[in-house]
Amino acid sequence: MDPFLLEALVNGVLLGGVFALPVLGLNLVFGVVDVIWLCYAELVMVGMYAVWFLHTQAGWPLALAFAACLPVVAALGVALHLLVVRPLLGAPPINQVLATGGVLFVLQGGATLVFSTDFRSLGVEMPPMEVGEVFVSGTKLAAFVAALFGAAALWAFLKFTYVGTAIRAIARDREVMPLMGVDPRRSYLVTSAIGGTLAGFAACLLVVQLDVHPFVGLSFGPITFIICVMGGLGNMLGGFLAAFLMGILVSVGGFWWNTEMSYVVAFAFFIVVMFLRPRGLFAR
Amino acid sequence: MSAATHRAPDTGDAAAARLELSGVRAGYGDFQALFGVDLHVAPGEAVGVVGPNGAGKTTLLRVISGLLRPTAGTLRYGGQDLTAVPAHALPSLGIAHVPENRRLFPHLTVEENLKVGAFAPSARARFAERREHVFALFPRLAERRRQPAGTLSGGEQQMCAIGRALMSGPRILLLDEPSAGLAPIVVQQVFALVRRIREEGLTVLIVEQNVAQVLRVVDRAYVLETGRVVAAGRAADLAADPAIRRSYLGMH
């Protein structure tokens with residue numbers, strides 16, 4: 001195989017790993033709370049600023065900045081739920097989407113006020129590695145491995161703990177949960193904290209690959225939503241697989257044409273999928 | 001509110017666990033379903049509530065387990081006012097509800113369904129022990145423990161739903177139409193199970209349309225029609241009552 005195509009494929013898989021985390025977070029929140037966090041990519045943006053600020057401005061070691069980023073964004077997820085989502089739980093879905101969409105602009109505006117529109121770089125780069133005929137960015141590879149680790153941790157939580165099993169049950173039948181001794185309000189709060197933690201985790205992986213600016217969410221937010229819908233909204237495994245499919249499409253599309261064209265290819269593919277399988281590629 | 005604050009002591013004497021409803025009214029919006037229902041279940045008793053479709057039987061169980069708040073009347077269990085307790089705290093109090101249509105989680109395995117049933121903090125510590133007990137009661141569930149609950153037959157699903165309720169270690173079990181949608185031979189099996197559960201000392205309140213069958217397993221029964229108790233008494237007496245035989249047992 002053409003080594004450049006192979007490299008594009010490998011990079012696509014690595015990219016898919018990074019898409020996977022926010023996709024899992026969004027799907028989890030949607031599946032359990034039944035509300036779409038339209039501002040999800042902006043939660044990631046806040047996390048990226050947190051790492052950048054703590055590391056380059058406050059002088060914290062990078063590992064510590066990463067560790068602090070998770071609870072910061074988790075708390076933001078909880079605040080989002082308590083202040084915006086919970087008061088609107090009984091409201092029509094369009095109002096919920098508009099409200100979390102409003103938070104998107106508030107976070108973008110807030111970041112602009114505090115940090116200006118400058119592009120901020122963490123200035124961390126790991127040396128590229130040569131695997132066979134293919135050169136792989138060490139940073140991307142590390143981010144990919146960490147993303148898989150995060151996804152595996154989430155899977156183990158949902159599979160083996162009482163709270164995780166209950167969360168999977170709520171996604172299917174919320175009315176019956178009180179009979180199981182489960183307080184849905186509390187489960188929503190836990191889910192929002194996990195959704196925030198996943199956004200924080202994604203922030204750590206993205207901040208080493210992208211410069212931070214208030215609108216950085218636009219570079220991965222829309223594609224995150226598309227992946228969720230393509231995998232079937234609320235379907236965790238479907239979203240996980242669709243993330244890799246989309247990563248490969250974007251990467252190989254960029255190899256055959258160019259980066260701009262690669263997103264056209266990916267979005268065109270999405271439209272075709274929606275015509276053929278409106279409930280998602282992996283809908284059962 | 002934490003569930004633990006509502007937990008009854010494990011050593012509570014049986015006499016304390018009496019369920020008592022008096023003058024209970026309830027409904028959905030403008031629609032009133034219950035018009036002043038009086039009912040009690042003594043510890044160790046098996047009590048049936050029978051009546052036609054739409055009589056308010058399911059509403060009655062929903063009120064007892066806190067899914068629906070009564071608009072008037074009192075609801076007490078072991079002397080405690082249940083209307084002040086959130087629904088999710090009831091399993092810790094010893095009340096378990098097997099809902100209408102079973103409401104299993106079809107994508108979770110049999111064992112995971114049991115695990116959700118043991119969610120209450122007081123139940124988690126005894127998960128393994130109770131799971132073995134449920135598997136002993138329902139060997140078919142043990143064989144299918146790793147199978148998604150949605151792939152079980154109707155009768156197995158009912159066993160799984162009852163097993164899930166038993167996982168919280170209840171003292172009283174509320175059963176809503178356990179025979180609905182099952183083949184006659186399976187209905188027999190389900191009622192045989194209810195009898196076995198009784199023999200283990202559990203208090204049972206069972207709502208049924210299958211009047212002939214339920215009157216054979218309960219001690220007493222209430223007849224509910226359009227939200228009112230129109231008859232009550234010992235199961236044998238009700239089964240012999242000419243009016244009931246005419247209306248519910250298809251006898252002329």
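Modeller: Let us begin with handedness: a crossing is left-handed if the near helix is turned anticlockwise from the far one by less than a right angle, and right-handed if clockwise. In this predicted model, helix 3 of chain B passes helix 7 of chain B in a right-handed crossing.

Colleague: At what angle do the axes of helix 3 and helix 7 of chain B cross, and within what distance do they come?

Modeller: The axes of helix 3 (residues 110-117) and helix 7 (residues 154-166) of chain B cross at roughly 35° and come within 7 Å.

Colleague: Which residues of helix 3 and helix 7 of chain B meet?

Modeller: Helix 3 of chain B contributes Val110(B), Asn113(B), Leu114(B), Val116(B) and Gly117(B), and these meet Cys160(B), Gly163(B), Arg164(B) and Ala165(B) of helix 7 of chain B. By class, this contact has five nonpolar, three polar and one charged residues. Arg counts as charged, and Gly counts as polar.

Colleague: What makes helix 9 of chain A oblique to helix 10 of chain A?

Modeller: Helix 9 (residues 236-256) and helix 10 (residues 259-276) of chain A pack at an angle of about 140°, with their axes 7 Å apart. Angles over 145 degrees count as roughly antiparallel, and 65 to 115 as roughly perpendicular. The angle of about 140° therefore makes helix 9 of chain A oblique to helix 10 of chain A. The crossing of these two helices of chain A is right-handed.

Colleague: Which residues make the contact of helix 9 with helix 10 of chain A?

Modeller: Helix 9 of chain A supplies Met246(A), Leu249(A), Val250(A), Gly253(A) and Gly254(A). From helix 10 of chain A come Thr259(A), Met261(A), Ser262(A), Tyr263(A), Val265(A), Ala266(A) and Phe269(A). The contact of helix 9 with helix 10 of chain A has eight nonpolar residues, four polar and no charged.

Colleague: Why is helix 6 of chain A called roughly perpendicular to helix 7 of chain A?

Modeller: The axes of helix 6 (residues 162-170) and helix 7 (residues 184-207) of chain A cross at roughly 105° and come within 11 Å. The range for roughly perpendicular is 65 to 115 degrees, and so helix 6 of chain A is roughly perpendicular to helix 7 of chain A. In this pair, Val163(A), Ala166(A), Ile167(A) and Ile170(A) of helix 6 meet Pro184(A), Ser187(A), Val190(A) and Thr191(A) of helix 7. The residues of this contact divide into six nonpolar, two polar and no charged.

Colleague: How is chain A divided into domains?

Modeller: Domain 1 of chain A takes in 1-20 + 220-284, and domain 2 of chain A takes in 34-117 + 160-217. Their centres, taken over C-alpha atoms, are separated by 23 Å. Five residues of domain 1 of chain A are in contact with six residues of domain 2 of chain A. On the domain 1 side, the residues divide into two nonpolar, three polar and no charged.

Colleague: What makes up the side of domain 1 of chain B that touches domain 2 of chain B?

Modeller: Chain B is divided into domain 1 (18-94 + 171-252) and domain 2 (103-170). In chain B, 15 residues of domain 1 are in contact with eleven residues of domain 2. Helix 2 (90-93), strand 7 (172-176) and helix 8 (184-199) of chain B each supply at least two residues of that side of domain 1. Helix 8 of chain B gives the largest share, five residues.

Colleague: How many residues of chain A are in contact with chain B?

Modeller: 14 residues of chain A are in contact with 22 residues of chain B. The side of chain A that touches chain B has eight nonpolar, two polar and four charged residues.

Conventions:
Residues are numbered from 1 along each chain as its sequence is written. Chains are lettered from A and ligands numbered from 1 in the order in which they are written. This is a predicted model: local features need pLDDT of at least 70, side-chain atom pairs count only at pLDDT 80 or more; totals for chains, interfaces and linings use all residues. Domain bounds come from an automatic or database domain assignment. Two residues are in contact if their C-beta atoms, placed from the backbone, lie within 7 Å. Helices (H or I, at least four residues) and strands (E, at least two) are DSSP runs, numbered from the N terminus. Axes are lines fitted to C-alpha atoms, for helices over the stretch in contact, and angles run from 0 to 180 degrees between N-to-C directions. Angles under 35 degrees count as roughly parallel, over 145 as roughly antiparallel, 65 to 115 as roughly perpendicular and the rest as oblique.
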